[in-house]
Amino acid sequence: MLAYRAAGTVGDRAPDGPALCVRGVHKRFGRLEVLRGVDLAVWPGEILSLVGENGTGKSTVVQCIAGTYQPDRGTVEVSGRQVAAEPISTRDEAVAVVWQDLALCDNLSVVANLFLGDELHDGLLLDDRNMAAEAVQLFDALHLAPTDLHRPVGLLSGGQRQLVAIARAVRRNPAVLVLDEPTASLGVNETLIVERVLRELRSAGAAILLVSHRLDQVFGLADRIAVLRDGRILTVASPLEVHPDDVVAMMSGIETVSSARRQLRRLHSLVEQLTDVEPAASLPLIVSAMAEAVGVDQLCVHLLDDSGDEPILRRSATVGLGLEDVGVLDQLTVDEGGGPPGLAAVTRERVVVEDARRDPLCDALRRGGLSGIRSTWSVPIVGAAGVLGTISGYADTVGRPQADQLELVSLYASYAAAAIERERLLADAIRRNRMLETLRGVLDKLAGPEPAEGALAVALVALCRGLGADAIALHHADGERSEFTTSELGPLASAASAARQQAAADSVLGSTGRLDRARPVGQDVLAVPIVTPDGRAVVTAWWANTARLSNDALDLLDDAARSLQLALEREALERANAEAASLRRSQRLQRDFLSRLNHELRTPLTAIQGYASTLRQTDVSWDASSQQRFLDSIAAESARMGRLVGDLLDFSAIDSGTLRLVRDWCSLDHVLEAARRCVTEAPPSLIGLDHERDLPAVWADHDRLEQVFVNLLDNAVRHAAGANQITMTSRLDRGGDTVTVRVTDDGCGIGSHLAERVFLPRERGATEGAGAGLGLAIARGIVDAHGGAICIEATPRGTTVAVTIPVDCDRDTD
């Protein structure tokens, strides 16, 4: 540390007063009054900067302090002693001045300039060796690089000459050091050296008056700023209290709007804008407003991402940074390896790097290729839950930002934290609403009027969409599996989905531990176990792109699984109810059927018994014709009983699903002709045939098809009251895959309300004809077994029954 004499150690200097005090100094040159009552005070260990436009009297103030000019009025005091009226040589070395033109002798060496006028010590001439040794000690104390002390000053660079002038000024350890534009003609590096020396002198206790037109330097060095205009001091303020724009306005005589008022206006405008924009646009708006408010051209905002194994800082917004720099800042670690942003996120404190080229904290950024950056700072964005991210500023010059700038950045960081939390809160609300909407959709489907089995499929698809998954499946422990997709998956993706979901289900079903929550199985599948009435089951969801797998998917799948479990229980209950209802209906139908069958069988049995008893009477003799008539009646009633029993057996086979077909290639012409011959109760002229020529043979059971058309013709003969003509027509349908046969009568017809019911067993309609009501039900069962269809077509008069038979049905079907 530079050893500097304290202000109260020489003569009668006041230890507690200012080192320099200028009171009411006036100075006139002819009729021009340059200074009009200047008042200044510089304290030990302080840098007071005097600023003003050219011609305002700054140099005149320096000349008065140095004693070059004598004030017309007022006093200049150094450490409590009035010295303004004394020649500079008699001031006990209390004031040293570094002039703008340096006042060096270019033909003399560095040592000679340092000791110019002080060659005699105690009446003896100092030798060159002692002066050189003292010069080396002086340069070492100022932490200046060694130079050739015997080199003429005129051969040195501007920066080296300036340092020689400063070293000469501080060699006598003055109480007050005055510098007039000390870096006006220096480069960046030389300016930094001079500024460092001034800071060290201030730390050592020197009172420094700095005259400079460079406001960035003034705000970076000065403890207080005095603004001189028209020969008067307008104000003396701390750099923390004023903005550079305010200082410029006062120097120029422009009415000033205080920095605080201007910033308040900006903040009010920002708040008004934030109320009108979407949450997602809030952060860029805040960053843009902050860049303008703090006067920083290059900004970067990082947000903390702690979704992975290690938290990282991801770049969210930038201002003024080039593409090559943005790439370096895309992703930073949350530690010193992440540079100032990483350290700010860890410590939750501001981090300032005055020289990014030399600070090891910026090594990683430099290695990454961050170019053109000379200084940087980072401020953490802290919300209610902790650090949310950082705001960083970058400059192409070396130096430290003003304290008020960092305070302002912290204020805007609080706005950014509020905007981030607002956006995340909205995103969370949207996420929860989406979950609720999905669950409501699932529950609506499951609790709706649709059968549970169909509703379950719809609910699974709705859940798949709500999850954003590509496929979803329900796996039962017995191997049964139902899968649904919401996107167009290719064969490979479909196979991958099926394999991954099945593997996940097997893993969950094979686990012996207690699993009642959703969990990830690998990177692309979520699985949740459920308990159904039929045993254990697993719901799995698969994502082709895992980036779409949201954090709330587990919660949503958990909640939905409970609803699906209830749906499966409801399905099992409905199935049991349906089976019970079917059993009750079957029992009722069986009772009705047996009652009707009993009635139908009693009629022929009674007739047969009556005719047989008549023939067996011994007291009555019947002629041959009567006996023949009785025997014919017995045979007819026996045939009727046979048909009833056959219908009963056929219907039982159809109802139980055991009807067997003996297929072969059949000619429909022969089938229809055989059916017409079997109906003996109608005269041959009543039934007509209309065949399309060259009909193809059909792959069918000849006898069963004949039975269908015999039943249809028999119904028409028995129940079509008033029928005068029955016609059977056959046509090959368009496409050539099916043949349709229509049986038409011109009788009383069947009402439209009975068009479908007559195909149910024991539904006979309005007829007085005999029968068990099984003929049309058997006909439909046989046609269905052939893969065809049978229905009643609407006609103006009578009834038309259409039977459609496939030409070439599946030959593997029995």
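**Helix 20 and other spots**

Tutor: The buried residues of helix 20 are Gly-775, Leu-776, Ala-777, Ile-778, Ala-779, Arg-780, Gly-781, Ile-782 and Val-783. Keep in mind that this is a predicted model.

Student: How many residues of helix 20 is that, out of the whole helix?

Tutor: Nine of 11, with the helix running over residues 775-785. Helix 20 is therefore largely enclosed by the rest of the structure.

Student: What comes after helix 20 with a positive phi?

Tutor: Gly-787 follows helix 20, and its phi is near 80°.

Student: Back to Arg-780. Which ring does its charged end sit over?

Tutor: The ring of Phe-759, with the charged end of Arg-780 at 4.3 Å from the ring centre. Arg-780 is also one of the buried residues of helix 20.

Student: New topic. How many aromatic pairs are there in the whole structure?

Tutor: A search of the whole structure finds three. Among them is Phe-29 with Tyr-69, whose ring centres are 5.2 Å apart. Their planes stand at 70°, so this pair counts as edge-to-face.

Student: Phe-29: buried, partly exposed or exposed?

Tutor: Partly exposed, with a relative accessible area of 35%. Tyr-69 is partly exposed too, at 28% relative accessibility.

Student: What about Trp-665 and Trp-699, what kind of aromatic pair do they form?

Tutor: An edge-to-face pair, 5.2 Å centre to centre and with 65° between the planes. Trp-665 belongs to strand 24 (residues 664-666) and Trp-699 to strand 26 (residues 698-700), so the pair ties together parts 34 residues apart in sequence.

Student: And is Trp-699 buried or exposed?

Tutor: Trp-699 is buried, because its relative accessibility is 14% and the cut-off for buried is under 20%.

Student: Going back to Phe-29, what lies over its face?

Tutor: Lys-27, at 5.4 Å from the ring centre.

Student: Last one. Where is Leu-192?

Tutor: In helix 5, which covers residues 188-203. Leu-192 counts as partly exposed, at 24% relative accessibility.

Note on methods:
Residues are numbered from 1 along each chain as its sequence is written. This is a predicted model: local features need pLDDT of at least 70, side-chain atom pairs count only at pLDDT 80 or more; totals for chains, interfaces and linings use all residues. Side-chain values use heavy atoms; hydrogens and water are left out. Helices (H or I, at least four residues) and strands (E, at least two) are DSSP runs, numbered from the N terminus. Buried means under 20% relative accessible area, exposed over 50%, partly exposed in between (1.4 Å probe, protein chains only). Rings of Phe, Tyr and Trp (its six-membered ring) pair if their centres lie within 6.5 Å; planes under 30 degrees apart count as stacked, over 60 as edge-to-face and the rest as tilted. A charge sits over a ring if NZ of Lys or CZ of Arg is within 6 Å of the ring centre and within 35 degrees of the ring normal.
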